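The following exercises concern one protein chain. Please study the sequence and the model before reading each solution.

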Amino acid sequence: MVGVMEKFIVASMFMWIVPVAILYGFNNELFPGSSDLSSSSLTLLSGFLAVVSVNVVIAFYICLAMREPVQKHEPDPKFLSDATASVKQFKPVETGESSSTHKKEE
């Protein structure tokens, strides 16, 4: 369980850090060629790459989650017997007529 929380926290941090770093890098001309772009092109490209980076982080997190070992969970026997008894207790008695065929008597 601890490994799952660590992966979740790391993925959440990357979902914030990577897009902000991309936006910061483009706005401060840290990436080569970004100084040649117009203002609107720079905004569109940096925003698009920030959105794509979030989706890449989400896909990476999903891949990690799918690779987690699956453990077969067995229900508690006492809970299972209590639940079965509860269902049997409230089971309606079946008669030849269904509830929709009964007419309201006045």
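**Exercise 1. A partly exposed residue and its partner**

Determine how Asp82 is classed by its relative accessible area, and find the residue with which Asp82 forms a salt bridge.

Solution. The model is a predicted one.

Step 1. Asp82 has a relative accessible area of 41%. Exposed requires over 50% and buried requires under 20%, so Asp82 is partly exposed.

Step 2. The partner in the salt bridge is Lys78, and the closest N and O atoms of the pair are 3.1 Å apart. The cut-off for a salt bridge is 4 Å, and the structure holds one such bridge.

Step 3. Side chains of opposite charge can pair when their charged atoms come close.

Step 4. Both residues belong to helix H3, which covers residues 77–89. Because they are four residues apart there, about one helical turn separates them.

Step 5. Lys78 has a relative accessible area of 54% and is therefore exposed.

**Exercise 2. The elements of the chain**

State how many helices and strands the protein chain contains, and give their order.

Solution. 

Step 1. The count is three helices and zero strands.

Step 2. Read from the N terminus, the order is α-α-α.

Step 3. Among contacts with a separation of 6 or more, 60% join residues 24 or more positions apart.

**Exercise 3. The surface**

Identify the residues of the nonpolar patch and the elements that give two or more residues to it.

Solution. 

Step 1. In the protein chain, 10% of the 106 residues count as buried. The accessible surface is about 9,500 Å², and carbon and sulfur atoms account for 67% of it.

Step 2. The patch consists of Met5, Phe8, Ile9, Met13, Met15, Trp16, Ile17, Ile58, Ile62 and Met66, which together have about 1,000 Å² of accessible area. Two elements, helix H1 (2–27) and helix H2 (39–66), each give two or more of these residues.

Step 3. H1 gives the most, with seven residues.

Step 4. Ile58 lies in helix H2. With a relative accessible area of 33%, Ile58 is partly exposed; a patch residue needs over 30%.

**Exercise 4. An annotation from a record**

Solution. 

Step 1. In the model, residues 7–26 are 100% helix and 0% strand, with the end C-alpha atoms 28 Å apart.

Step 2. Residues 46–64 are likewise 100% helix and 0% strand, and their end C-alpha atoms lie 27 Å apart.

Note on methods:
Residues numbered from 1 in each chain as written. Predicted model: local features only at pLDDT ≥ 70, side-chain atom pairs only at ≥ 80, totals over all residues. Heavy atoms only, no water. Buried < 20%, exposed > 50% of the residue type's maximum accessible area, 1.4 Å probe, protein only. Contact = heavy atoms within 4.5 Å. Areas by Shrake-Rupley, 256 points an atom, 1.4 Å probe, with all protein chains shown as cover. Salt bridge = Lys/Arg side-chain N within 4 Å of Asp/Glu carboxyl O. Patch = residues over 30% accessible without salt bridge, like charges linked within 9 Å, V, L, I, M, F, W, Y side chains within 5 Å.
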